[in-house]
Amino acid sequence: MNEVEVALHEVAHARAGDKGNRSNISVIPYRPEAFPHLAAQVTEARVLALLAHKGATACRRYLLPNLPAMNFVIDDALEGGVNFSLCLDGHGKSLSFLVLGDIRVRVPADCIGAARR
Amino acid sequence: MSRAYIGCGAGFSGDRYDAAVPVVATLATLPGERFLIYEVLAERTLAIAQKLRREDPQQGYSPFLDAYLALVLAECHRHGIRIVTNMGAANPLGAARRVQALARELGVSGLKVAAVTGDDLLATMSEAEIREQPLIEGLEPGDRPIVAANAYLGAQPVAQALATGAHVVLVGRTTDAALSLGPLLHVHGWGADALDLLAQGTACGHLLECGAQVTGAYFADPGFKDVDDLANVGFPIAEVGADGDLVITKAAHTGGLVNRATVIEQLLYEVHDPYNYLTPDVTLDLGEVCVDEIGPHRVRVSGARGKPPPDTLKATVCIDAGWLGEGEISYAGPNALPRARLAASVVRERCRHLGIREPVRVEVLGTQAIFDSNAQQRHAQVAFPADGEYRVRAAVRSPRREVAQRVADEVLSLYCSGPAGGAGVRQHVTAQVSTASILVDRAHAQPRVTVMEAP
């Protein structure tokens with residue numbers, strides 16, 4: 001199978017939430033066969049680096065192979081969070097699409113997918 | 001085997017007033033025990049409610065109570081659908097009185113309403129004691145005035161309120177999941193040691209508590225995640241058996257989508273460690289959860305595991321946090337981006353000139369500013385076309401209202417004193433409340449159920 005390099009958005013979907021100054025971002029592959037490739041490439045270090053400019057200090061990744069899905073918890077990712085941030089998006093709700101757009105992965109072409117209606 | 005049916009009518013304060021109407025119509029066709037829940041109480045919403053109650057002791061419940069309940073109260077009562085909601089906010093007793101008055105106005109007779117109180121820590125602890133509790137999130141309250149401090153109650157008080165036969169149960173601060181788990185404890189008689197059942201019930205509550213976020217809303221991404229008829233999105237209904245069997249579906253004859261993807265996104269929403277999600281009723285472990293499509297818009301969720309709950313309760317402390325001032329102005333057409341950037345630099349220079357000491361964020365919307373930081377490190381790395389449509393935004397936080405207003409006014413002044421073609425100024429100056437989370441001993445929260453019969 002040909003490997004392709006694509007934005008994570010071609011392979012997975014995501015949702016971001018907040019508690020205080022901590023963000024959580026789930027990353028869920030459209031096709032289960034993509035999961036091992038994402039687990040190998042979408043690392044804590046890459047997600048932390050993506051949010052370093054916001055002041056993020058630590059990133060913890062939880063793997064849920066049963067679903068499959070992964071959940072990132074990033075400390076100090078929200079410039080103080082909705083209480084203190086001057087960002088239009090104090091909750092960091094849009095950050096799921098920062099992860100989907102800026103992180104690129106190499107996957108077999110049949111890992112690219114979309115949700116069924 | 002008996003099943004309980006729980007529909008959700010709202011997932012936040014400001015959600016659609018009429019979303020519950022198709023939910024009620026669907027619940028009315030189902031057998032057995034049926035409930036309609038509304039989750040409308042964010043941390044900040046409660047602080048605002050507490051302020052309103054201080055100004056008028058009759059107020060302090062959800063200002064949207066009438067808008068939501070007037071549409072469904074008569075239908076729910078006719079079909080025996082019971083309502084559980086945190087519209088009680090800072091004043092569940094006031095909310096209960098208002099529901100009784102609303103019932104009279106609607107010609108609904110024989111309504112029994114219950115209020116759950118006991119989450120308000122300002123009633124059981126001094127401000128000094130509250131400041132001494134261990135902080136788990138947010139900044140130390142310091143010496144700033146505490147506006148509200150509320151512990152998260154669990155599902156037991158909701159179940160006790162339902163056991164009185166109440167048709168409507170009004171709570172203040174409880175966990176959002178308790179709005180669903182309470183009815184399940186009441187119907188199925190699950191005990192405090194039935195941890196896996198409590199875990200399934202908590203997963204159910206977590207999936208319902210944000211309304212349409214589990215039925216295709218906050219999900220749609222055209223071409224990738226297509227959702228039919230989003231404008232008519234159906235709100236969720238959960239079917240829960242006594243053995244914990246859990247199926248998520250949605251109101252009949254509505255748009256939206258329930259599939260594995262919508263359910264998994266919501267399952268992890270605002271969860272940190274998915275192996276240890278703490279609630280006052282149970283510690284939820286999602287590690288072995290299975291999510292299976294069993295029919296059109298029908299998804300079974302199984303395998304949630306429970307561990308004992310923590311000894312302490314989480315509580316939210318709300319503190320006055322000054323003012324947020326914002327101003328925005330647009331530039332469109334040829335060379336719009338350089339004009340917008342010039343406008344941003346004018347506002348920055350003016351704020352410096354005026355001696356504003358607070359950090360002022362001035363950014364150009366349309367350049368992925370929402371992903372950027374105050375220092376705009378990201379901005380420099382990405383190129384955008386000069387022509388197009390861009391919007392300049394300035395924002396400041398200050399303890400002083402006049403500083404917040406002044407920054408907003410600097411954007412307004414760009415109409416006549418800024419670059420060519422500035423248009424569409426909007427300004428917002430809003431009072432801010434900040435929140436912190438603390439842990440308190442369970443003894444500080446003493447839940448109490450008060451029943452109000454129709455006169």
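Which pattern does chain A follow, read along the sequence? Chain A runs β-β-β-α-α-β-β-α-β, which gives 3 helices and 6 strands. Here helices (H or I, at least four residues) and strands (E, at least two) are DSSP runs, numbered from the N terminus. The model is a predicted one, in which local features need pLDDT of at least 70 and side-chain atom pairs count only at pLDDT 80 or more, whereas totals for chains, interfaces and linings use all residues. Residues are numbered from 1 along each chain as its sequence is written, while chains are lettered from A and ligands numbered from 1 in the order in which they are written.

The overall form of chain A can be described next. Its C-alpha atoms fill a box of roughly 50 × 30 × 25 Å along the principal axes. Of the 117 residues in chain A, 50% are buried. A residue counts as buried if 20 or more other C-beta atoms, placed from the backbone, lie within 10 Å of its own, as exposed if 12 or fewer do, and as partly exposed in between. Among contacts in chain A with a separation of 6 or more, 66% join residues 24 or more positions apart, a contact being two residues whose C-beta atoms, placed from the backbone, lie within 7 Å.

Chain A also meets chain B: 30 residues of chain A are in contact with 40 residues of chain B. On the chain B side, α10 (260-267), β12 (290-295), β17 and β18 (423-441) each supply at least two residues. That side has 18 nonpolar, 10 polar and 12 charged residues, where Ala, Val, Leu, Ile, Met, Phe, Trp, Tyr, Cys and Pro count as nonpolar, Asp, Glu, Lys and Arg as charged, and the others, Gly among them, as polar.

Chain B is divided into domain 1 (3-118 + 153-310) and domain 2 (317-437), with bounds from an automatic or database domain assignment. The centres of the two domains, taken over C-alpha atoms, are 38 Å apart.

Two helices of chain B show how burial is arranged. Helix α1(B) (residues 20-27) is largely enclosed by the rest of the structure, because 6 of its 8 residues are buried. These are A20(B), P22(B), V23(B), V24(B), T26(B) and L27(B), and their cover includes β1 (3-10), β2 (33-38), α3 (65-69), α4 (73-79) and β8 (236-241) of chain B.

Helix α11(B) (residues 336-353) has buried residues A336(B), R339(B), A340(B), A343(B), A344(B), V347(B), R350(B) and C351(B). Seen down the helix axis, these fall within an arc of 140°, so they line one face; the arc is that of the directions from the axis to the C-beta atoms. The face turned away carries the exposed residues E349(B), R352(B) and H353(B). Just after α11(B), G355(B) takes a positive phi of about 75°.

Finally, V168(B) lies in strand β7 (residues 168-170) of chain B. V168(B) is buried, with 27 other C-beta atoms within 10 Å. Leaving aside residues up to four places away in sequence, V168(B) touches I83(B), V99(B), L111(B) and V113(B).
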